[in-house]
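Trainee: Could you help me see where the labels for this model come from? I would like to set each value against its definition.
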Amino acid sequence: MRILAVADTESEYIWDHFDASRFEGVDLIISCGDIKSQYLSFLITMIKAPLFYVHGNHDISYAINPPEGCDCIEDRLVEYKGFRIVGLGGSIKYNDHPYHSVPPWQYTEKQMARRIRRLERTIWFKKGFDILVTHAPAYGITDDKDLCHRGFHCFVPLLDKYRPRLMIHGHMHRKYGKAPRSIVYNDTLVVDAFGYYLLDI
């Protein structure tokens, strides 16, 4: 299966100079958050593939203007072409929102761990999963030391226990040189989807 992963910034190359031949054979588009909803709707129109997304920490506008024709996989395990895909968006809580005690799409470590526990029964029933889609990275693997870009500790035992083939995340803004584009952690290929990234699994 060929996947187009996107996160954090809209690619001018895709949006302003779309070349259909560059994306031939794409079976699935995955958004790891902090992308304009109009851009995601544009992608599925031009590439003709389904799009699964999770929220980034800046995706507050999705509540009013969600991406049309796209599927949110937050807190879900979905299956596509034989691949089991888990979605857990949002970032570590790093500030306070003026109208909420916890900002939208920001979570404490305990809150994210609770989300994972709610999914565990489904994951067990499906005998694991193949792809983990998140906005934030996992702690100590592809994250950074500042609070905003710190990864979630609870993602690490999730990777250790189920050893998915792939983890795709955003949030690290690769243009700032804060994280490698991809690494292998145990049996899992971990990919930073900043901008866009094409891969085959």
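This is a predicted model: local features need pLDDT of at least 70, side-chain atom pairs count only at pLDDT 80 or more; totals for chains, interfaces and linings use all residues.

Trainee: What makes β6 and β9 a pair of strands?

Mentor: Four bridges join β6 (residues 83-88) to β9 (residues 131-134). Pairing requires at least two bridges, so these strands pair. They run parallel.

Trainee: Which sheet holds them, and which strands are its edges?

Mentor: The order is β5-β6-β9-β10-β12-β11, an open sheet of six strands with mixed pairing. β5 (76-80) and β11 (182-185) each pair on one side only, and they are the edge strands. From one strand to the next, the twist averages 20°.

Trainee: Where does α3 touch this sheet, and at what angle to β6?

Mentor: α3 packs on the sheet and touches β5 and β6, with a direction about 160° from that of β6.

Trainee: Why are α3 and α4 called roughly parallel?

Mentor: Helix α3 (residues 109-125) packs with helix α4 (residues 155-162) at an angle of about 20°, their axes 11 Å apart. Angles under 35 degrees count as roughly parallel, therefore the label applies to α3 and α4. Their crossing is right-handed.

Trainee: Which residues meet there?

Mentor: From α3, M112, I116, E120 and I123 meet F155, L158, K161 and Y162 of α4. Six of the contact residues are nonpolar, none polar and two charged.

Trainee: How do you know that β2 and β3 pair?

Mentor: Three bridges join β2 (residues 28-31) to β3 (residues 51-53); at least two are needed, so they pair. In β3, Y53 is the bridge partner of S31.

Definitions and conventions
Residues are numbered from 1 along each chain as its sequence is written. Side-chain values use heavy atoms; hydrogens and water are left out. Axes are lines fitted to C-alpha atoms, for helices over the stretch in contact, and angles run from 0 to 180 degrees between N-to-C directions. Angles under 35 degrees count as roughly parallel, over 145 as roughly antiparallel, 65 to 115 as roughly perpendicular and the rest as oblique. A crossing is left-handed if the near helix is turned anticlockwise from the far one by less than a right angle, and right-handed if clockwise. Contact means heavy atoms within 4.5 Å. Ala, Val, Leu, Ile, Met, Phe, Trp, Tyr, Cys and Pro count as nonpolar, Asp, Glu, Lys and Arg as charged, and the others, Gly among them, as polar.
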